[in-house]
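I opened my notebook to look up a few things in this structure. Here is what I went through, entry by entry.

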Amino acid sequence: MTDPHAPDPHVLDPHRDTLDVYEQRADEWQEQRPGRLDEAVVFGRRALATGGPTMDLGCGPGWHLPVLPPGTVAVDGARAMLDLSAQRAPASARVQADLRALPFQRHSLGAVWANKSFVHLDRRLVPRALWDLHRVVRPDGLAFVSVFM
């Protein structure tokens, strides 16, 4: 049986091109763009109150994982970024996944941190990805979603 939430493999996927760049240049990207932690610290405190679990969606090299609740799940589409995240949060589970089809059950997460993750999707695909984010967060949960301003 096919996953009804999985992206259609017959549709041109510009997101794949972005992931390929991150796979090839993860170390370089990490060095050139240090993460800011101020908002993540505040969110991490609030996420603790949800009882978890918490997910760092589009975690990149894991900059925010150390200030998010212990056991936060690192999720990224690029395996190279997940490998880098292990250096900052070795105890965090790492899951390679597509923003548009998260491999989590409905209402299974207490909090989600998604810092500049959705900017990598074709704008026509963002509603689907946000719908899936909504699907996995509990009704009383928290979600932090940011884009470039």
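Before counting, I set my cut-off: a residue is buried when its relative accessible area is under 20%. The model is predicted, and by that cut-off 44% of the 149 residues of the chain count as buried.

**Entry: the whole chain.** I looked up the secondary structure and found 4 helices and 5 strands. Along the sequence I read the pattern α-α-β-β-α-β-β-α-β. I then turned to contacts with a separation of 6 or more: residues 24 or more positions apart account for 67% of them. For the surface I noted that the chain exposes about 8,600 Å², with carbon and sulfur atoms supplying 55% of it.

**Entry: threonine 72.** I found threonine 72 in the loop between S1 and strand S2 (73-76). Is threonine 72 buried or exposed? Threonine 72 is buried because its relative accessible area is 0%, and the cut-off is under 20%. Leaving out residues up to four places away in sequence, I listed its contacts as Thr54, Met55, Asp56, Leu65, Ser92 and Ala93. A polar atom of the threonine 72 side chain lies 2.6 Å from the backbone oxygen of proline 69. I also checked arginine 94, 22 residues apart from threonine 72 along the chain; their C-alpha atoms are separated by 9.2 Å.

**Entry: helix H4.** Which residues of helix H4 (residues 126-136) are buried? I noted Val126, Ala129, Asp132, Leu133, Arg135 and Val136. Next I looked up what covers these buried residues, and the cover includes strand S1 (54-57), strand S4 (109-115) and strand S5 (137-146).

Note on methods: Residues numbered from 1 in each chain as written. Predicted model: local features only at pLDDT ≥ 70, side-chain atom pairs only at ≥ 80, totals over all residues. Heavy atoms only, no water. Buried < 20%, exposed > 50% of the residue type's maximum accessible area, 1.4 Å probe, protein only. Helix = DSSP H or I, 4+ residues; strand = E, 2+ residues; numbered from the N terminus. Contact = heavy atoms within 4.5 Å. Polar contact = N/O pair within 3.5 Å; in protein donor to acceptor, adjacent residues only side chain to side chain. Areas by Shrake-Rupley, 256 points an atom, 1.4 Å probe, with all protein chains shown as cover.
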